Amino acid sequence: MRNLLEVQNLEKQFSSQKAVDNISFSLEEGSIFGLLGPNGAGKTTLIRMITGIFYPDSGSIQFDGRPFSAENDIINIGYMPEERGLYKKMKIGEHALYLAQLKGLSRSDAMKAVKEWFEKLEMQSWWNKKVEDLSKGMSQKLQFVTTVLHRPKLIILDEPFSGLDPVNANLIKDEIYDLAKTGSTIIFSTHRMEQVEEICDHIILVNKGQKILDGTVNNIKQEFKENIFKVGVNTTAQNLMTPDFTVIKHNPDNLLLKLTEGVSNNDVLKFFINQGLSINSFNEVLPSLNQIFIKLVNDTPQARQFTA
Amino acid sequence: MSKTWIIIKREYTSRVAKKSFLLSTFLTPILFVGLIFGVVYLTATSSSEEKVAVDNKESYLKEYLVKKRNISYEFVNNADTTLLSKGYTAVLLAPNTGINQTKSYQVYSQKSKGKELTGTIENQINDAINAKMVMDVANLNKAQYDSLVKNAPSSKVENTVFSEAEKAKKGNFETASMIGYVVSFIIYFSLFMYGAAVMRGVMEEKTNRIAEVMVSSVKPFQLMMGKIVGIGAVGLTQFIMWIVLFVGLSTIASNLMPVDPASMQDAAAAMQPGMSAVAAEASQNKAAMILNTVSTSVNWPLIIGCFIFYYIGGYLFYAALFAAVGSAVNEDPQDAQSLMMPITIPIILSMVIMINAIRQPESALAIWGSMIPFSSPIIMMARLPFGSTIVPWWQLGLSMLILILGFIATIWLSAKIYRTGILLYGKKVTLKELAKWAFRKN
């Protein structure tokens, strides 16, 4: 798969601090990419450079094999910012048409796309209602539709599920998978780690303007694993005296163990088998992204201080 | 360009379709015309016939207490208040006659009489006494005196005109001031009204959080210009509607009036009771003269053309600044107030200079005021009706050129403030920071 987006050594300086400090990454076409980071890490600034709202101070952005130009590539990008709103007094159908036309669709193409999406998400009856009558979740749905209806190659979603109920969140999630399947590439920015784990193929973690982690979800978990295993076995504490592992947690029907360096899975299994215990289950416990995130972010000094 | 056009269209149609726009567009001229004609109509029709019995020993009053408008006089001897039940509506007693033992004239009536009756009687008696004194001293007869008085006020008008030596056409000065006031006031009013509308629009986009959605599709500059041009077009539409409606309604209303224009002028004169009868006569002539010059001596195509130019130029100049302020403000309207100060002060100052410029359209203050783009839309429009002798073509041309350069400059600076401000949340911005944003490179 070729790369849709390649970001090289991107930098952006605001009056006193580097919001984005030498960040590079690349995005495979059709992948779902997680852009993670604590508040104020520089995610929004990074996205604003990719969407052409800000110019980078230095570094380069390659989009679809060519240097990125906001003028020409804007039609190929759909961006749903975290701080998003709509014109309250407009009618919903008109609003969707308006944003679609601003993306460069002709009025008739825009009309076709809006109708198609409204049908898909069962929003047809909304057409003549006013935006101010929408609930938060409903306007979120409308915002999602207006972000993707021009079939952009790159879709950037910043906290797309905030405020959605589980039913609508699933609906949007399915649409995201669908879009990825049909060739769109998706950047998904959030600090909700369980969603990232579920959805994303590839993530980068940004903190204090710098990239501190880059890889597929699986690789990262492997990298940060701590040799912890969950063994489904019923035993007592005095039977667990061994240098092979330490017990982290002792539950009635399972154990959480941390293996000593150099000890293999089979050594542990042998240990229990030799005791004549029956083993119901045995699996490695990988760290959750949440744990990795907290570990990495906490290791660095607290979030950036304001320097006037 | 086409995206800016889409934005202009939305800004325009969403405002023009609003109920408040339709109401203010249609109701304002109706109310205005209704008010003017209502007042005139009531004054002209509500006064009843007055028949006044006069008891007076001095014979010369007879020549002056003649029927005027709805007031007629009859001279009787030994009048008293019993006459009030004999067909007279009022009894006028000279000093020391009948029951009036005071040193002044007294009017007796059953109903309290308005200022119109007593004022008219007072003016006529004063004119009589003045005439008597002048005639006695100068040894003139009445015909000589009347011709003297008749010439006096008109020669005074000639003087006023003459002091503007060979420049303004005869009688043009008053007309020009009147038009100057009205037109420059409309510009003043529109700068504030539509400038504030731009600011509110930008603030709405920012607090609504739609700004970031928008700038991911269009350049901030396109967004700002779309709003400015769209709202400016709304203003232009409203003006054109107002002019059409005002002219139309005035024509209809004056055709429906049951009284002839002359008596309307009388009524208008009667509303200024302090004026002597002669002066009132003169002011009627003046009014007629002004009406005449309004339609003949004023270069309407030039004034309307320049009005549109200065409305657009002044609007662009200030709307860009209002947009910049709107982009820098967060939810707190208090912040907007303090940032608006530097914009509102020059507009208000222009009004002060305008009043001065109308009195002396050739003063250095007026000329400078009509050149500097902060005040030129208001002050040039105030000076323009005085004609090309007061405002030479080169001044008009230079002023227009400076205004064009001026609004290009404010739009350019505001665009830089806007670009930063529109995406900045939660921080209170000071004027100093705005200046920094406006003048920094890139």
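This section describes the domain arrangement of chain A and the fold of chain B in a predicted model.

In chain A, the UniProt record, an unreviewed entry, places the feature "domain: ABC transporter" at residues 5–233. The domain assignment of chain A gives domain 1 at residues 3–222 and domain 2 at residues 226–285. Taken over C-alpha atoms, the centres of domain 1 of chain A and domain 2 of chain A are separated by 45 Å.

Chain B comprises 442 residues, of which 34% count as buried. Its secondary structure consists of 16 helices and four strands. Of the contacts in chain B between residues at least 6 apart in sequence, 71% join residues at least 24 apart.

Chain B contains an open sheet of four strands with mixed pairing, in the order β2-β1-β3-β4. Strands β2 (71–75) and β4 (106–109) of chain B form the edges, each pairing on one side only. On average, neighbouring strands of this sheet are turned by 25° against each other, direction ignored. Strands of a sheet pair through backbone hydrogen bonds, in either a parallel or an antiparallel manner. Strand β3 (residues 90–93) of chain B runs antiparallel to β4(B), and four bridges join the two. Within this part of the sheet, B:L92 has B:V107 in β4(B) as its bridge partner.

How values were computed
Residues are numbered from 1 along each chain as its sequence is written. Chains are lettered from A and ligands numbered from 1 in the order in which they are written. This is a predicted model: local features need pLDDT of at least 70, side-chain atom pairs count only at pLDDT 80 or more; totals for chains, interfaces and linings use all residues. UniProt positions are given in the numbering used here, feature names are shortened, and annotations may be inferred rather than shown by experiment. A residue is buried if 20 or more other C-beta atoms lie within 10 Å of its own, exposed if 12 or fewer, and partly exposed in between; C-beta atoms are placed from the backbone. Two residues are in contact if their C-beta atoms, placed from the backbone, lie within 7 Å. Domain bounds come from an automatic or database domain assignment. Two strands pair if DSSP finds at least two bridges between them. Axes are lines fitted to C-alpha atoms, for helices over the stretch in contact, and angles run from 0 to 180 degrees between N-to-C directions.
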